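Me: I would like to learn how to read a structure one feature at a time. Can we start with a single side-chain contact and work outward from there?

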Amino acid sequence: MPRIYLDHNATTPLDPRVLDAMLPYLQSEPGNPSSLHAEGRAARRAVEDAREHVAAMLGKDAREVVFTSGATEANNLALTGMVPAGGRLAVSAVEHPSVLACVELLESRGAHAVRLGVDRDGLVSDAELETALDEGVDVVAVMAANNEVGTLQPWVAIARQCHARGVALHVDAVQMPGKAPLAVPDFGEGTVSLSAHKIGGPKGVGALWVRTDTRVRAQIVGGGQERQRRAGTENVAAIVGMGAACRFVADEASARMSALRLSEEAFLAALRAHVPDVVRHGPRNADMRIPGTLNLRIPGVSGEPLLLGCDLEGLSLSLGSACSSGAVEPSHVLLAMGVNKVENLESFRVSLGWDTSPDALRAAAGIIADVASRNRRCP
Ligand code: PMP
């Protein structure tokens, strides 16, 4: 039986069509996009075509897209680039570590940051956001969809709120493409981060959308690339891969979303048939979350032995956030949602791909049930 991979929020397999698009830039197209000769011009065209595809997915202008080495860099560029020296920012408590660690770095340099709490569903407190806006902040950072529990934030409404106060907004939209509509509204100053490897593209490339009138100071200097916002010779093949991945995800978004919804229901039904007491964290209402992200808990079964047992049986899952796997710390997202430490350490994440087959889903539910029954503590 082939292995079953259900950790798509950590990374997705490379789409073979994306690989095909990249191959010429790894094999036969040697140009540096900054060079003036034919090879250079071909590489420049490839990078600019990719930029068009990323921008089209967002419904935005290509000149506003900055390529980076991934969403970690895009998040760092947005925050360090927008928050002024000694500035103030408000950030949701459930952000990805690449945002939260960056906020700590800014605090160590004199910035003042407020963490916005969330409710049991993981939704940012509107009252706390309003208070922060009343007290005056330069930048707000709220992710569009959470990578651990799938909660969709009302980011379009938040963009409007920030715009009305003249406050810049950064949105980490890494988990959105192909899972929820991602047309970026016309908000005031602001940025949106993306990553290719979450949508069938290669690892090590991402993008930051920067609204035209937003001032983002470059963090990597030493070249004029990316309109002075990110120096360094462009990773042409990876950028081409990201462009292709965005094009496919935009073309196939509604089919992928419905496939994910159906798969999620089928998987949960199969798992509940074996393990009736399985608990799901996050919003109950399907409209308030992206499809395909299931943060689950089987009472009396620790997440780590469950994950390792499933791995031995050929099933790949994740504990909380994959970025912290290896270290079994309670998830900061579940803690912020009020999940206690014991329940937190029993939690595991199943993240489906839009093309995960029904057979794989049924087999995965059976493996989880078997491994859980072997590891369940007596009540
Ligand atoms: N933000 C979110 C919500 C993520 O899920 C991830 C990937 N775990 C990142 C940022 C970081 O992306 P990258 O791997 O491209 O640095």
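Me: Which side chain does the side chain of Thr11 make a polar contact with?

Reply: This is a predicted model, so every contact here is computed from predicted coordinates. The partner is Lys203: the side chains of Thr11 and Lys203 make a polar contact at 3.5 Å. A polar contact is a pair of N or O atoms within 3.5 Å.

Me: Where is Thr11 found, and is Thr11 buried or exposed?

Reply: Thr11 is in the loop between strand E1 (4-5) and helix H1 (16-27). Buried means under 20% relative accessible area. Thr11 has a relative accessible area of 16%, so it is buried.

Me: With which side chains does Ser98 make polar contacts?

Reply: One partner is Asn75, whose side chain makes a polar contact with the side chain of Ser98 at 3.0 Å. Another is His96, again side chain to side chain, at 2.7 Å. Ser98 is part of helix H4 (residues 97-108). Its relative accessibility is 9%, so Ser98 counts as buried.

Me: Next, the ligand. How many residues surround the ligand, and which are the closest?

Reply: The ligand is surrounded by 15 residues, and the closest are Thr72, Asp172, Ser195, His197 and Lys198. By class, the shell divides into 4 nonpolar, 9 polar and 2 charged residues. Helix H3 (residues 71-82) supplies the largest share of the shell, 3 residues.

Me: Which N or O atoms of the protein lie by an oxygen atom of the ligand?

Reply: Take the side chains, then the backbone. An N or O atom in the side chain of Thr72 is 2.6 Å from an oxygen atom of the ligand. For Ser195, a side-chain N or O atom is 2.7 Å from an oxygen atom of the ligand. Ala71 takes part through its backbone, where an N or O atom lies 2.9 Å from an oxygen atom of the ligand. As for cover, the ligand on its own has 400 Å² of accessible area, and the protein covers 90% of that.

Me: How should I read a nonpolar core?

Reply: In soluble globular proteins, nonpolar side chains tend to be buried together. In this model the largest nonpolar core has 65 residues, of which Phe67, Val140, Met176 and Met242 touch the most other members. Helix H7 (residues 236-274) gives the largest share of this core, 11 residues.

Me: Why does this core lie between domain 1 and domain 2?

Reply: Domain 1 (4-12 + 253-375) and domain 2 (16-248) both give residues to the core, so it lies between them.

Me: Phe67 was on that list. Where is Phe67 found, and is Phe67 buried or exposed?

Reply: Phe67 is in strand E2 (residues 65-68). Its relative accessible area is 3%, so Phe67 is buried.

Me: What separates the C-alpha atoms of Ala365 and Ala269?

Reply: Ala365 and Ala269 are 96 residues apart along the chain, with 9.0 Å between their C-alpha atoms. Ala365 is found in helix H11 (residues 358-375). At 0% relative accessibility, it counts as buried.

Me: How far apart are Leu312 and Val371 in sequence and in space?

Reply: They are 59 residues apart in sequence and 9.8 Å apart in space, C-alpha to C-alpha. Leu312 belongs to helix H8 (residues 303-312). Exposed means over 50% relative accessible area. Leu312 has 76%, so it is exposed.

Me: My last topic is backbone angles. What is phi of Glu226, and what is phi of Arg227?

Reply: Most residues other than glycine have a negative phi. Glu226 has a phi near 50 degrees, a positive value in a residue other than glycine. Phi of Arg227 is also positive, near 50 degrees.

Me: Where is Glu226 found, where is Arg227, and is each buried or exposed?

Reply: Glu226 is in the loop between strand E8 (206-210) and H7, and Arg227 is in the loop between E8 and H7. Glu226 counts as buried at 7% relative accessibility, whereas Arg227 is exposed, with a relative accessible area of 52%.

Key
Residues numbered from 1 in each chain as written. Predicted model: local features only at pLDDT ≥ 70, side-chain atom pairs only at ≥ 80, totals over all residues. Heavy atoms only, no water. Near = heavy atom within 4 Å. Polar contact = N/O pair within 3.5 Å; in protein donor to acceptor, adjacent residues only side chain to side chain. Areas by Shrake-Rupley, 256 points an atom, 1.4 Å probe, with all protein chains shown as cover. Helix = DSSP H or I, 4+ residues; strand = E, 2+ residues; numbered from the N terminus. Nonpolar A, V, L, I, M, F, W, Y, C, P; charged D, E, K, R; others polar. Core = buried A, V, L, I, M, F, W, Y, C linked by side-chain atoms within 4.5 Å. Buried < 20%, exposed > 50% of the residue type's maximum accessible area, 1.4 Å probe, protein only. Domains from an automatic or database assignment.
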